[in-house]
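This briefing goes with the sequence and the 3D structure shown below. The points are grouped by topic.

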Amino acid sequence: SALLSLLELKLKDHCFDQLRTKEQLGYVASCVTHRFDNVISFQVIIQSANYDPDYLRERADAFVRTSASRIIKSLESNRSDFETLKKSTHDQLTKRYLSLQSASDSYWGEIESGEYQFNRSSQIAIALDDLVAGDLIDFYRDRFRRRLVVELYGAGRNITESGSDESKILTLSDL
């Protein structure tokens with residue numbers, strides 16, 4: 001969780017800049033960490049009316065691959081970058097809630113998950129202290145290659161028009 005928090009902070013602005021501003025893939029382009037039922041994930045989200053899901057998936061994969069490679073090279077050549085990233089992430093995790101709504105959302109998220117770790121952000125911030133740059137590099141190389149792709153099609157779009165491999169498509173309807 002601490003490692004994903006580091007990656008999210010490092011990639012968030014770059015994701016928007018690259019996928020939304022430069023490549024103009026869609027109105028929504030972001031990357032976030034997400035926790036659901038004790039599973040922590042890193043998500044690249046692109047919403048577009050102009051490009052098919054296969055192309056968006058290809059661009060998301062390229063973004064993750066090139067951005068992470070750039071980060072790793074930066075960390076290997078300049079270890080002080082990692083300390084700066086750790087401090088920024090620590091500050092982000094320990095900042096006070098800016099509104100009652102954000103505090104409420106955080107607390108209700110813990111209640112709904114059944115984990116009741118109301119100090120989760122503080123725990124992650126403490127875990128950052130023990131990390132070194134090599135941990136983030138190893139994490140990316142060992143674990144960041146697995147993925148689950150979810151493609152949502154708007155009404156009137158035929159899935160088979162996208163060119164996706166039909167043997168890998170599971171269609172859920174009438175939910």
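Leu-85 has a relative accessible area of 7%, which is under the 20% cut-off, so the residue counts as buried. The model is predicted, and Leu-85 sits in helix 3 of that model.

**Surroundings of Leu-85**
- Apart from neighbours within four places in sequence, Leu-85 is in contact with Leu-6, Leu-9, Lys-10 and Leu-136.

**Ser-5 in helix 1**
- Ser-5 belongs to helix 1.
- Its relative accessibility is 12%, and because buried means under 20%, Ser-5 is classed as buried.
- A polar atom of the Ser-5 side chain lies 3.0 Å from the backbone oxygen of Ser-1.
- With neighbours within four places in sequence set aside, Ser-5 is in contact with Thr-33, Thr-89, Leu-93 and Ile-124.

**Helix 1 against helix 6**
- The axes of helix 1 and helix 6 come within 10 Å and cross at roughly 90 degrees.
- An angle from 65 to 115 degrees counts as roughly perpendicular, so helix 1 is roughly perpendicular to helix 6.
- On the helix 1 side, Leu-3, Leu-4, Leu-6 and Leu-7 take part, and they meet Asp-135, Leu-136 and Phe-139 of helix 6.
- By class, this contact of helix 1 with helix 6 has six nonpolar residues, one charged residue and no polar ones.

**Helix 2**
- Helix 2 covers residues 53–77, and its 25 residues should span 36 Å at 1.5 Å a residue; the C-alpha atoms at its ends are 36 Å apart, so the two values agree.
- At the N-terminal end, helix 2 is capped by Asp-52, with a side-chain oxygen 2.9 Å from the backbone nitrogen of Asp-54.
- Buried residues of helix 2 include Pro-53, Asp-54, Leu-56, Ala-60, Phe-63, Val-64, Ser-67, Ile-71 and Leu-75.
- An α-helix has 3.6 residues a turn, so residues three or four places apart point the same way.
- The buried residues of helix 2 pack against helix 1 (2–22), strand 2 (39–47), helix 3 (79–94) and helix 6 (133–143).

- Helix 4 runs over residues 100–113; at 1.5 Å a residue, its 14 residues should span 20 Å, and the end C-alpha atoms are 20 Å apart, which agrees.

Methods:
Residues numbered from 1 in each chain as written. Predicted model: local features only at pLDDT ≥ 70, side-chain atom pairs only at ≥ 80, totals over all residues. Heavy atoms only, no water. Helix = DSSP H or I, 4+ residues; strand = E, 2+ residues; numbered from the N terminus. Expected span 1.5 Å × (residues − 1). Buried < 20%, exposed > 50% of the residue type's maximum accessible area, 1.4 Å probe, protein only. Contact = heavy atoms within 4.5 Å. Polar contact = N/O pair within 3.5 Å; in protein donor to acceptor, adjacent residues only side chain to side chain. Axes fitted to C-alpha atoms, helices over the stretch in contact; angles between N-to-C directions. Parallel < 35°, antiparallel > 145°, perpendicular 65-115°, else oblique. Nonpolar A, V, L, I, M, F, W, Y, C, P; charged D, E, K, R; others polar.
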